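I opened my notebook to go through one structure piece by piece and to write down what I looked up.

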Amino acid sequence: MSSSSTQTRSLPTLHEFFAPGGILSQSPLPYEYRPGQLEMAKAVERALAERRHLIVEAGTGTGKTLAYLLPALRTGQRVIVSTGTKALQDQLYFRDVPFLETLLGDLHVCYMKGRANYLCRRKLFALRDQPVLSGLEEIDEYRQIAEWEQTTETGDRAELAALPETSPLWSKLDARADNCLGSTCPDYRRCFITEMRRRALESDIVIVNHHLFFADLALKREAAGAPDAGILPDAAAVIFDEAHELEEVASSYFGLSVSNLRFEEMARDMDVLLRGKEGTANIPGATQQLRERARMFFAGLPVESEGRHPFTNREEFLEVQGDLYLNLRSSLKMLETEMGRLTEIDEAQGLGKRLARLKSELEFLMESNAHNMVYWIERRVYGARSADGLNTDLVQRSAQRGGGPRAQTRAVHLQATPIDVSELLHELVFEPIPTVVLTSATLTVQGGFEHLRRRLGLGDTGQGARELVVPSHFRYGEQALLYLPPEMPDPRDAEFVEAAARCIRRVLEITRGRAFCLFTSYGQMRTLYERLLPELDFPILLHGTAPRKALLEEFRATPNAVLFGTSSFWQGVDVQGEALSCVIIDRLPFAVPSDPVVQARMKAIEEAGGRPFFDYQVPEAVLTLKQGFGRLIRSLEDRGVLVLLDPRIRTQRYGQAFLQSLPPYRMTTTITDVEAFFEKADAKQAQ
């Protein structure tokens with residue numbers, strides 16, 4: 001990839017900007033010279049100049065975003081910055097870039113999300129001409145969107161604060177590529193996607209997230225160089241922030257997934273977009289047949305319980321239930337043929353492509369035997385509690401209208417996931433892109449990058465990618481205390497819950513709440529929540545009872561609150577100050593060995609002569625634990641206690657891998673040290 005930039009004016013050198021007395025020190029924000037920040041900035045600039053890859057673990061508080069943004073701007077070429085979460089994407093664009101502009105003047109930076117975040121004007125106008133809205137609530141939402149369309153410059157649904165996240169109407173109006181007419185669309189010049197692409201081509205920095213980056217990469221790979229494929233422009237370099245998430249995100253986009261919901265959407269879109277068009281009299285009957293056959297197929301898949309399950313018996317399923325699959329494929333083929341016949345209808349071409357893709361993916365999932373794929377089935381319930389018990393009110397395709405309670409939507413996903421994405425990443429990312437920078441606060445295991453290199457296809461040290469570990473700017477030895485309670489039973493023992501409840505209660509009494517209690521499973525979280533709720537005098541918030549953002553806002557606003565949370569609270573959460581003074585983790589966060597993807601990866605490592613537990617499970621758990629503990633110390637003023645209830649970190653040989661990978665916390669096994677820590681903190685606060 002290569003590009004040219006529109007920026008011609010000179011920018012300050014790294015020393016002029018970061019050094020004591022430099023431009024950064026003159027900003028209105030509190031300034032403290034950070035040698036690690038300047039060291040990282042120099043490493044990024046060198047990598048960009050030499051067209052080399054770079055891996056940087058930059059501890060929390062390093063100021064890594066500025067350390068890569070300024071070198072990227074100084075290249076005079078376009079650089080893509082990809083973040084692990086939309087929260088960090090927002091922080092970069094709405095906080096860090098404006099801050100830089102106060103010091104450097106106007107910058108050419110743009111912000112890109114996936115197409116589903118943007119309005120399609122053609123769909124909006126088509127729905128106005130042929131209304132198929134469901135109930136008063138959807139009619140009101142359409143009116144809001146139609147009024148907003150006349151004033152918005154971006155078409156980004158984030159501007160519609162009053163539009164529910166679960167609005168079924170938005171999926172009928174968004175700009176996903178499935179029905180895009182491209183340059184033949186009558187609204188092409190006014191299209192929000194066209195405008196977003198134009199801004200990107202004029203920008204020096206393009207800020208995206210990992211999901212968009214890999215969705216775009218997968219689309220371009222599938223389209224094999226078609227000119228309209230994807231939305232991201234070429235770039236001289238890509239910087240992946242929160243790079244510890246790359247393997248999982250890449251796996252999801254290099255894999256395949258079909259679901260009963262996707263078939264329902266396909267049939268619905270055909271009904272809506274072709275209603276009343278000439279020559280489409282057969283379509284309603286055909287789409288109804290597609291719906292019925294899809295329901296029978298997904299209901300017949302050999303998994304009845306919620307959760308993720310291996311689908312290793314596909315041949316046996318086809319022998320017994322093959323007619324369900326063949327009938328569904330036949331319906332897709334028939335509709336695809338119908339779309340090919342409707343040459344005078346613009347929408348038919350896009351619908352035909354969607355049908356062909358859906359049929360191709362279904363055939364792959366049912367008939368292929370790709371050696372690097374694991375095939376599995378997941379059953380979920382949206383609008384109620386999912387298999388892990390959390391409220392996953394995300395997809396409400398069958399939501400009841402008119403203000404009543406929303407219906408449950410049962411989803412069945414048939415999936416294929418790459419067991420190993422290292423070769424794909426090497427081929428599609430690290431070979432064609434001159435410079436790739438990987439950075440995060442959690443990339444090393446026992447001080448080294450070997451695990452990351454192996455999983456992402458970067459080869460051994462010396463094969464192109466430089467390495468750098470930048471210690472955190474925080475004084476962990478003074479700011480944090482790691483408490484490992486003695487005499488805790490093994491988490492797999494029946495006595496663990498009672499012992500954990502006693503320890504959590506005692507610690508929370510000392511900290512006066514102000515804590516995150518993080519769990520590796522919903523079941524454990526719920527059990528301890530119900531066990532402790534009658535015994536604690538602090539406000540307790542439970543993951544799953546409200547959206548994560550709302551729970552975090554309530555936690556920050558509620559004195560002495562305690563939040564019980566699982567996976568999504570382990571990372572990407574930033575609560576500074578006294579409100580969060582303690583993080584308690586129930587057990588070492590090993591991946592569930594029965595998960596089909598984990599199972600397949602462990603088997604592949606074993607067959608290659610490796611040790612699955614030590615080569616995969618332990619390093620992955622180390623990185624997750626570092627993320628969880630990383631919630632506590634978020635600024636130089638933060639102080640607090642970390643608690644791990646799992647005794648295996650002290651009693652098992654592999655525990656050393658965890659202890660050697662954590663920041664240099666002061667460690668204790670004595671509860672009186674925890675009391676003394678908070679007495680000292682309270683005394684300092686009172687001064």
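The entries below move from the ground rules to a sheet, then to rings, charges and one glycine.

**Ground rules**

I am reading a predicted model, in which local features need pLDDT of at least 70 and side-chain atom pairs count only at pLDDT 80 or more, while totals for chains, interfaces and linings use all residues. Residues are numbered from 1 along each chain as its sequence is written, and side-chain values use heavy atoms, with hydrogens and water left out.

**Entry: the sheet**

I first looked up an open sheet of seven strands, whose order is 14-15-13-16-17-12-18 and whose pairing is parallel. I noted that strands are DSSP runs of E with at least two residues, that helices are runs of H or I with at least four, and that both are numbered from the N terminus. Two strands pair if DSSP finds at least two bridges between them.

Which strands stand at the edges of this sheet? They are strand 14 (540–542) and strand 18 (666–668), and each has a single partner strand, so one side of each is left without a neighbour in the sheet. On average, neighbouring strands of this sheet are turned by 20° against each other, with direction ignored.

Ala515 has Cys582 in strand 16 as its bridge partner.

**Entry: helices on the sheet**

For angles I kept in mind that axes are lines fitted to C-alpha atoms, for helices over the stretch in contact, and that angles run from 0 to 180 degrees between N-to-C directions. Contact means heavy atoms within 4.5 Å.

Helix 18 (residues 496–511) lies across strand 12 (480–483), strand 13, strand 15 (562–565), strand 16 and strand 17 (640–644), and its direction is at about 175° to strand 16. Helix 22 (residues 612–629) also packs on the sheet, where it touches strand 12, strand 13, strand 16 and strand 17, and it makes about 150° with the direction of strand 16.

**Entry: aromatic rings**

I found 28 aromatic pairs in the structure. Rings of Phe, Tyr and Trp (its six-membered ring) pair if their centres lie within 6.5 Å, and planes under 30 degrees apart count as stacked, over 60 as edge-to-face and the rest as tilted.

One pair I looked up is Tyr93 with Phe94, which is edge-to-face, at 5.0 Å centre to centre and with 85° between the planes.

Tyr111 is buried, with a relative accessible area of 10%.

Elsewhere I noted that Phe263, Phe297, Phe298, Phe311 and Phe317 form one aromatic cluster.

**Entry: charges**

Arg314 lies over the face of Tyr375, at 3.7 Å from the ring centre, and Arg639 lies over the face of Phe677, at 4.6 Å. A charge sits over a ring if NZ of Lys or CZ of Arg is within 6 Å of the ring centre and within 35 degrees of the ring normal.

I counted 50 salt bridges, each being a side-chain nitrogen of Lys or Arg within 4 Å of a carboxyl oxygen of Asp or Glu. Asp241 and Lys64 meet in one of them, at 3.6 Å from N to O, and they join strand 5 (residues 237–241) to helix 3 (residues 64–74), 177 residues apart. Asp241 counts as buried, at 0% relative accessibility.

Arg198 and Glu195 meet at 2.4 Å, N to O, and because they are three residues apart in helix 8 (residues 192–201), about one helical turn separates them. Arg198 is partly exposed at 36%, and Glu195 is partly exposed at 25%. Salt bridges that share partners join Arg121, Glu149, Asp187 and Arg190 into one network.

**Entry: one glycine**

Last, I looked up Gly22, which is in the loop between helix 1 (14–18) and helix 2 (35–50). Gly22 counts as buried, at 7% relative accessibility, and it touches Glu16 and Phe17 when residues up to four places away in sequence are not counted.

Note on methods:
Buried means under 20% relative accessible area, exposed over 50%, partly exposed in between (1.4 Å probe, protein chains only).
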